[in-house]
Amino acid sequence: MSHQKRFDPLLLVISGAIFSLLIVMALLVFSVISMIAIGLGAAVVIYQIITLQGKLASKFKYGKRVPSAFFIFLVVAPIALGITVGYDTYFTQNSITKAILLWGLTLTFWSTLLFIPLALYSKHREMSIPPITSFPKISVIVPAYNEEKVIERTIQALIDTKYPDKEIIVVDDGSKDKTFDIMNKYKKQVKVLQKTNGGKASAINFGLAYSTGEIIVIVDADTIIGHESLVHLAVGFSIDKNVAAVAGNIRVRNRKNWLTWCQAVEYVGGIQIARRALDVFGAISVVPGALGAFRKSVLDEIGSYHKDTLVEDFDVTLKILKTKLVISGSTNSTAYTEAPESLKNLYRQRKRWYGGNLQVFSRHSDALTNPRFGILQRLVFPYMIFSSCIMPFVSIITTCSAIYTGIFGGGIFVLEMFAIFLTLQCLQVALAVRLDNEDPRLIPYGIFLVIGFKQILDILLINAIFEYLLKREAVWTSSERIGI
């Protein structure tokens, strides 16, 4: 009997609309020379993607320590393409700023062309996984520091979560509020541990020492997991013995204002499509700290969590990818986290995230040039560096060019370009919403992944890059808990 579920035909309709828009965009905007340049670029990227298939579990490869062809292409192609499209556009429309706008549009064209088919394939593959009949013991670890506003709901949700063999371990990392007292109310149902303050990674490692499960699940103290999330995580490990970790699906639960709705659409539309694409290769780049599962044996082998990083989840993910084991994702394993509700708290959160990411990039810089790391060196690490360190500058340059062109006589052209960008982004959000069975009210907020919220994130990323280059010490910063 087949376990495969019926594929949603609306996904194909939305995908068809996206690719139809791409074709129309190319015909309306680009000349023959520009389209040839874009086509050659897309062909090279598609070739790189195809040649990655099936190489994840191959033997370690030794060779010259140089960046992968894919990374070199990602760095060189925007420059070469910018020159080609810019030269062509300047002499056909006599405007360098219009050329820059088309350059940004071209990069969007590439990412859409590549990620959408991979995301759909990931969904198809996930729907084909049969249900499991045996349930390995799971140890859930919840590190907490000054979480009195949220910890009780987190613990109660874990107690209520459906799973036949689980243990819950809550670790108070030297809180100065009532966190430990609240934890103690549940000491008959969970293991309650307390230690001196040492940071989140230290608290997780402390919990690991007391865990007895085959699978370790990490849950943030402000996160409420779904009723069957542990079951779906266990399903992820049943696919292949080489699966070392499974990433949960994080959603924003406090959708109260423009900022939290934008973060909700960022999680769904800005993260999930790329994550699903990487899932095809078993190489998801971050197992989120809000909900992620690991084989305990793998954590023991790689040395558990590193204490000297601000983004311990990213660091431990890269350590696993370096072993060439599989990291997959489960969109059915959901968790609802609390997002910052003010710009001040968003800044504090992203300062830690982005500064910590740069820390980890530096620590694992050998992943850029060492071929023994397989798909991490060939695809994942180059993509992360490109999206985190290059694309923010491209986005800001494109936005400034649009403003300049709009002010000095090219308003109609700018409006046409933004109409294409906005429509394309909203369609991608609609696809992501349908893939994840999310709230359709998120779709209009896709506009702000093009203008508004997008520029806020780009500025915060660029600020983190300059702080890193100036060697300013990165420190732990967290947003204020709301306790909804």
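Predicted model: local features only at pLDDT ≥ 70, side-chain atom pairs only at ≥ 80, totals over all residues.
Trainee: In what order do the eight strands of the open sheet lie?

Mentor: Helices (H or I, at least four residues) and strands (E, at least two) are DSSP runs, numbered from the N terminus. Two strands pair if DSSP finds at least two bridges between them. β3 (191-195) and β5 (224-225) are the edge strands, each pairing on one side only. The pairing in the sheet is mixed, and the order is β3-β2-β1-β4-β7-β6-β8-β5.

Trainee: Which residue of β7 stands opposite A245?

Mentor: Strand β6 (residues 243-252) and strand β7 (residues 291-295) run antiparallel and are joined by three bridges. In β7, the residue opposite A245 is F294.

Trainee: Which residues of helix α7 are buried?

Mentor: Buried means under 20% relative accessible area, exposed over 50%, and partly exposed in between (1.4 Å probe, protein chains only). Helix α7 (residues 200-209) is mostly covered, with eight of its ten residues buried. Their cover includes β1 (138-144), β2 (166-173), β3, β4 (215-219), α10 (296-302) and α11. The buried residues are K200, A201, S202, A203, I204, N205, G207 and L208.

Trainee: How many residues apart in sequence are the parts tied together by K185 and E152?

Mentor: A salt bridge is a side-chain nitrogen of Lys or Arg within 4 Å of a carboxyl oxygen of Asp or Glu; K185 and E152 form one, their closest N and O atoms being 3.0 Å apart. K185 lies in the loop between α6 (179-184) and β3, and E152 in helix α5 (residues 151-160), so the pair ties together parts whose separation in sequence is 33 residues.

Trainee: Are E438 and R251 buried or exposed?

Mentor: E438 and R251 form a salt bridge, with the closest N and O atoms 3.6 Å apart. E438 lies in the loop between α14 (411-436) and α15 (453-469) and R251 in strand β6, so the pair ties together parts that are 187 residues apart in sequence. As to their accessibility, E438 and R251 are both buried.

Trainee: Which side chain does a polar contact of 3.4 Å join to that of T337?

Mentor: T337 is found in strand β8 and is buried, with a relative accessible area of 7%. A polar contact is a pair of N or O atoms within 3.5 Å; within protein, one must be able to donate a hydrogen and the other to accept it, and residues adjacent in sequence count only if both atoms are side-chain atoms. The side chain joined to T337 at 3.4 Å is that of D222.

Notes:
Residues numbered from 1 in each chain as written. Heavy atoms only, no water. Contact = heavy atoms within 4.5 Å.
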